[in-house]
Amino acid sequence: MLKLSSLRKVVSAQLKSANQAVAKVGGDVTVDLPSGKTTTGTISGVGAPEQVDQSGQKTVVVPVTITLDHLSDAGALQQVSVLVDFPTASRKNVLTVPVSALIALPDGGYGVEVVRDAARTETIKVEAGLFAGGFVEVTGDRLAAGQKVVVPAL
């Protein structure tokens, strides 16, 4: 008998059975590490639902295995708790801005301040879409890829 193991770091997660639709082999996830660093991973395995005992309650979970895309991000971490974000929706070819660029408009809704030149900005009303990773999808008149928006310094 020979047992092989991989040198790759993986994350083992247990999803509630009601959320199993978000776990598809090959799907992308983000992983928040205890160091405060966020890295990415790929779902490499989805197991069959199984019953587990959590705090004295029986519940059904789906085991999920995630392979980290950048092993160096995890460093020497082993057997630690991490937070895994499974995207539930995605969009391609959209405009995004940092969430902190959104400003509340007096008449309701949101806007962003677009830099027009070194001395001038313009506030443009936007519709917010999906939020992910500190960014938000935006649509609005007079918005274009490559424009600079004002982001307040904290």
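Ser55 sits in the loop between β4 (50–54) and β5, and that's a handy place to start looking around this predicted model.

- Ser55 isn't a glycine, yet its phi is positive, at about 55°.
- Ser55 has a relative accessible area of 80%, so it counts as exposed, the cut-off for that being over 50%.
- Asn93 is another one to look up: a non-glycine residue with a positive phi of about 55°.
- You'll find Asn93 in the loop between β6 (83–85) and β7 (95–98).
- With 84% relative accessibility, Asn93 is exposed.
- Why point these angles out? Because most residues other than glycine have a negative phi.

**The overall build**
- Reading from the N terminus, the elements go β-β-β-β-β-β-β-β-β-β-β.
- The radius of gyration is 21 Å, well over the 15 Å that the globule rule gives for 154 residues, so the protein is more spread out than a compact globule.
- Along the principal axes, the C-alpha trace covers about 70 × 35 × 30 Å.
- Take the contacts between residues at least 6 apart in sequence: 53% of them link residues at least 24 apart.

**Surface and charge**
- Of the 154 residues, 23% are buried.
- The protein exposes about 10,800 Å², and 53% of that comes from carbon and sulfur atoms.
- Charged side chains come to 14 positive and 14 negative.
- The centres of those two sets of charges are 6 Å apart.

**Val62, in strand β5**
- Val62 is part of strand β5, which runs over residues 57–68.
- Is Val62 buried or exposed? Its relative accessibility is 1%, so Val62 counts as buried.
- Setting aside residues up to four places away in sequence, Val62 touches Ala13, Gln14, Leu15, Ser17, Gln20, Val46, Gly47 and Pro49.
- Pro98 is 36 residues from Val62 in sequence, and their C-alpha atoms are 33 Å apart in space.

- Which side chain makes a polar contact with that of Glu137? The partner is Arg91, at 3.5 Å.
- Beyond its neighbours within four places in sequence, Glu137 is in contact with Arg91, Val94, Leu95, Thr96, Glu127, Ala128, Gly129 and Leu130.

**Glu127, in strand β10**
- Glu127 belongs to strand β10 (residues 120–132).
- Asp141 is 14 residues away from Glu127 in sequence, with 9.9 Å between their C-alpha atoms.

Key
Residues numbered from 1 in each chain as written. Heavy atoms only, no water. Helix = DSSP H or I, 4+ residues; strand = E, 2+ residues; numbered from the N terminus. Rg over C-alpha atoms; globule rule 2.2 N^0.38 Å. Buried < 20%, exposed > 50% of the residue type's maximum accessible area, 1.4 Å probe, protein only. Contact = heavy atoms within 4.5 Å. Areas by Shrake-Rupley, 256 points an atom, 1.4 Å probe, with all protein chains shown as cover. Lys, Arg positive; Asp, Glu negative; His and termini not counted. Charge placed at Lys NZ, Arg CZ, Asp CG, Glu CD. Polar contact = N/O pair within 3.5 Å; in protein donor to acceptor, adjacent residues only side chain to side chain.
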